[in-house]
Every structure is written in C-alpha cells, then in structure tokens.
Amino acid sequence: MEQGGDEMMARIVEAVGWGQAGRTGPARERLTELWDRIGPAGDPLHRCTLAHYLADLQDDPAEELRWDLRALEAADTLTDERAQRYHATLQVRAFRPSLQLNLAEDYRKLGRPDRAREHLALARESLPVLGDDPYGQMIRDAVERLGTELAGSAPGPEARRPDMVRSTGG
C-alpha cells in the first residue's frame with residue numbers, strides 16, 4: 001500500500017534526518033514502518049533510499065548487510081526517469097559506488113574479506129560516474145581507506161575497526 005511519491009520521500013527524508021541528528025531509535029522505527037507501507041514491490045526509489053539509510057541505523061552487521069542488499073536490489077530496478085521525477089540531476093549509476101562500498105564494508109565487518117574485496121572492486125569500477133565534488137571525493141576517499149585496510153587483511157575473520165566511517169551518501 002504505497003503512498004504518493006513526494007509525500008513518501010518527504011517522510012523518508014525526515015526520518016533520515018532524525019538518524020543523522022543522533023535519534024537513531026526513532027529513525028529506525030520510522031523507516032521500518034515506512035518500509036512496511038512501501039512493501040517489497042513498491043517504488044524502487046523509495047525502497048533504495050529507505051534501505052540505504054536504514055542499513056546505517058543497524059547495530060548488527062548482518063542486518064546492515066541485509067538492508068544494503070535490499071538497497072542494491074532496488075537500485076537495479078530503478079530508472080533514471082523515475083529518479084529524475086524526484087530530482088532532475090539524479091542518475092542511478094551514480095548510486096552504485098556508495099552502494100557497493102557499503103556492501104564491501106558490511107562484508108569486512110562480518111569477517112569476509114574476499115567478499116569485501118569483490119564489492120570494493122565493483123565500487124572502484126563505478127567511481128568514474130561520480131562528480132568532482134565533495135560527495136564524490138568522500139566516496140573516493142572511503143574506497144581508498146577500505147582498500148588500504150583490506151590489502152592488509154588475510155582471508156578469514158578480521159578485527160573490526162570502530163573508527164571506520166560508513167558512507168551514507170548517494
């Protein structure tokens with residue numbers, strides 16, 4: 001039972017703001033409630049945006065991975081035409097570096113460096129679509145940091161770094 005596009009995006013953006021302001025519990029509850037309203041066959045822009053940010057609010061790395069996979073799945077069904085009805089400058093391919101970076105970080109946290117490297121390689125492949133702006137630089141820097149970290153890790157369980165900043169862009 002999906003609601004109107006602009007209204008739903010406004011609700012998603014509001015809840016994302018709560019999370020970015022440190023109100024993670026209410027943000028997680030609200031985004032989960034909105035996910036239930038949208039449903040697995042709902043608007044791909046809504047699903048991608050919501051899942052991308054809901055992943056950031058998870059305490060369990062396995063749950064974070066689950067939401068990031070949902071975000072990527074939704075992005076795979078999203079068209080530029082649909083995204084540009086929300087904002088004229090959006091290009092779906094520009095979502096991919098952040099989505100793949102987040103998956104790489106999820107797998108790193110779960111002690112699966114080989115899977116992390118696979119997704120990091122996909123993030124690197126898609127970097128050229130990013131603009132030469134602060135967001136693009138933030139993603140490039142995060143890819144570089146994670147690449148450096150993964151270069152020093154052997155296959156198998158890894159130590160978690162609490163200071164690793166997770167990308168929330170895109």
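Glu105 and Arg108 are both buried in this predicted model. Their side chains still meet in a salt bridge, with N and O 2.7 Å apart. Both residues belong to helix α6, and because they are three residues apart there, about one helical turn separates them. Elsewhere, shared partners link salt bridges into a single network made up of Arg30, Glu33 and Arg37.

**Salt bridges within helices**

How many salt bridges does the model hold? The count is eleven. Glu105 with Arg108 is one of them. Two others can be set beside it.

Glu7 pairs with Arg11, and the closest N and O atoms are 2.7 Å apart. Helix α1 carries both residues, four positions apart, about one turn of the helix. Glu7 has a relative accessibility of 42%, so it counts as partly exposed. Arg11 is at 21%. Buried requires under 20%, so Arg11, at 21%, counts as partly exposed too.

Glu63 and Arg66 also form a salt bridge, at 2.7 Å from N to O. Helix α4 holds this pair, three residues apart, again about one turn of the helix. Glu63 has a relative accessible area of 26% and is therefore partly exposed. Arg66 counts as partly exposed as well, because its relative accessibility is 34%.

| Salt bridge | N to O distance | Helix | Separation |
|---|---|---|---|
| Glu7 and Arg11 | 2.7 Å | α1 | four residues |
| Glu63 and Arg66 | 2.7 Å | α4 | three residues |
| Glu105 and Arg108 | 2.7 Å | α6 | three residues |

**The nonpolar core**

In soluble globular proteins, nonpolar side chains tend to be buried together. Here the largest nonpolar core has 43 residues. Which of its members touch the most other members? They are Ile12, Leu31, Leu50, Leu99, Leu101, Leu120 and Val143.

Which element gives the largest share? Helix α3 does, with seven residues.

How values were computed
Residues are numbered from 1 along each chain as its sequence is written. This is a predicted model: local features need pLDDT of at least 70, side-chain atom pairs count only at pLDDT 80 or more; totals for chains, interfaces and linings use all residues. Side-chain values use heavy atoms; hydrogens and water are left out. A nonpolar core is a set of buried Ala, Val, Leu, Ile, Met, Phe, Trp, Tyr and Cys residues joined through side-chain atoms within 4.5 Å. Buried means under 20% relative accessible area, exposed over 50%, partly exposed in between (1.4 Å probe, protein chains only). Helices (H or I, at least four residues) and strands (E, at least two) are DSSP runs, numbered from the N terminus.
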